[in-house]
Amino acid sequence: MELHPVLSGLISELLPDILNSLKPSKVFILVDEHTEEHCLPVLTKVYSLRPKSPYLSDLSEDQIITFPAGELHKTLQTVSDVWSLLIEQKADRHALVINLGGGVVTDLGGYAAGCYKRGIRFLHIPTTVLGMVDAALGGKTGIDHAGIKNSVGLFRMPEVVLTDVQFLTTLPARELRSGMAEMYKHALIHDRAHWDELKLKPELTATLITKSQQVKLEIVKKDPYEQGIRAALNFGHSVGHAIESLLLETNAPLLHGEAIAVGMICEAYLSERLCGLAKEAVLDIEKTLLDVYGHTSLTGKQKENIVSLVANDKKNLRGTIRMSLLHEIGTPALSIQVKDTEINEAVERYLALG
Ligand SMILES: NC(=O)c1ccc[n+]([C@@H]2O[C@H](COP(=O)([O-])OP(=O)(O)OC[C@H]3O[C@@H](n4cnc5c(N)ncnc54)[C@H](O)[C@@H]3O)[C@@H](O)[C@H]2O)c1
Ligand SMILES: [Zn+2]
């Protein structure tokens, strides 16, 4: 599976050339209600200012497909609505879907386009930090089904991913910070210098985003179907996912990246216990992430549930839990067996930091 290109710059300069080269029969733009409000006007402007090609001269209402924002709508029902609209608008096999939004839009839009008429072309324009450095890259598409996140999906590459950081100006600060957790993760699993750089200047720049994208792309290129090194990208996610789902039903849910930050702190401790990560590296990770994300407290009951949630998610056929951890900052450790008691210790250690 050939990896897609990623182009960065002004969308007004990138998009016309792409459309001219892809020559779609018709373009559809998929947005959620927030990206319709904040990001679509940027594209509309590109269309209205640059009518220099047949592919940019007509953007009409019926080409815009909008669905309600949020993970709750990353469902088959939404996909079905998208398919119905494409059929109604007579989208043929040469049509193109532009997914303009965060990870929910790119995951769902890639899946909808990937199935429609056995697959029509699509491209991603991610509008969140998480989308730019993670969700839009690497060809995983999908939806949530029967209460299980990402349980139905396809590996399907976008034609291209276009990154324009101007979209981030309207992103709520909390979403921005949450998305940065994946950047910290990329640095920790791949690039010590990038980690030091992120630590020193946490304000987001296009250069830092590009660096983070390169980490994910390099890993996905080596292992597109997650049979080896791609699993390194799960660092922080075993414990992080458990905490994310645990707090989902409470009145103080965490955003994905915020939960992953807690997960990375716990898994840094496990890395010290099991993979020789130096104590000073653990302290460095704890301090850096606590400074950015603060500390989350858990009740006794919640703490008890973490281990069973991790086990549910991660236990393989032989009943062992395996995680992606770190040997050093910049060097991942894959498929490390972890015991229930060790997960408990890691959570205790995290709670003691509060
Ligand atoms: N395919 C993959 O490899 C992969 C990897 C990581 C995550 N994901 C998926 O990504 C999803 C999470 O992505 P996300 O964090 O981008 O969430 P999201 O798409 O829900 O976006 C977060 C919120 O920000 C709003 N928003 C988006 N861009 C905006 C902008 N520029 N201005 C104002 N508001 C804006 C959205 O409407 C939404 O309310 C999850 O479904 C996750 O499963 C996929
Ligand atoms: Zn993640």
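In α4 (76–88), T78, V79, V82 and W83 meet L108, Y111 and A112 of α5, where meeting means that the C-beta atoms, placed from the backbone, lie within 7 Å. By class, this contact of α4 with α5 has six nonpolar residues, one polar and no charged. Here Ala, Val, Leu, Ile, Met, Phe, Trp, Tyr, Cys and Pro count as nonpolar, Asp, Glu, Lys and Arg as charged, and the others, Gly among them, as polar.

All of this comes from a predicted model, in which local features need pLDDT of at least 70, side-chain atom pairs count only at pLDDT 80 or more, and totals for chains, interfaces and linings use all residues. Residues are numbered from 1 along each chain as its sequence is written, while chains are lettered from A and ligands numbered from 1 in the order in which they are written.

Now for the geometry. Two packed helices are described by the angle between their axes and the distance between the axes. The axes are lines fitted to C-alpha atoms, for helices over the stretch in contact, with angles running from 0 to 180 degrees between N-to-C directions. Helices (H or I, at least four residues) and strands (E, at least two) are DSSP runs, numbered from the N terminus. Here are the two pairs.

| Helix pair | Angle | Axis distance |
|---|---|---|
| α4 and α5 (103–115) | roughly 50° | within 10 Å |
| α11 (256–275) and α14 (340–352) | about 125° | 9 Å |

The angle makes α4 oblique to α5, and α11 is oblique to α14. For these labels, under 35 degrees is roughly parallel, over 145 roughly antiparallel, 65 to 115 roughly perpendicular, and the rest oblique. The crossing of α4 and α5 is right-handed, and α11 passes α14 in a right-handed crossing; that is, the near helix is turned clockwise from the far one by less than a right angle, anticlockwise being left-handed.

On the α11 side, V262, I265, C266, Y269, L270 and R273 make the contact, and α14 brings E342, A346, V347, R349 and Y350. That contact has eight nonpolar, no polar and three charged residues.

Leaving out residues up to four places away in sequence, G153 touches Y111, K140, T141, G142 and I143. G153 counts as partly exposed because it has 17 C-beta neighbours inside 10 Å; 20 or more would be buried, and 12 or fewer exposed.

Most residues other than glycine have a negative phi. K23, though not a glycine, has a positive phi of about 45°, and K90 has one near 55°. K23 sits in the loop between α1 (11–22) and β2 (27–32), and K90 in the loop between α4 and β4 (96–101). K23 is exposed, with 11 C-beta neighbours inside 10 Å, and K90 is exposed with 9.

Zooming out, the protein has 14 helices and ten strands. Its radius of gyration, 21 Å, is close to the 20 Å that the globule rule gives for 354 residues, so the protein is as compact as a globular protein of that length. That radius is taken over C-alpha atoms, and the rule is 2.2 Å times the number of residues to the power 0.38. The C-alpha trace spans about 60 × 40 × 40 Å along its principal axes. Buried residues make up 46% of the 354. Among contacts between residues at least 6 apart in sequence, 77% join residues at least 24 apart.

Key
Contact = placed C-beta atoms within 7 Å.
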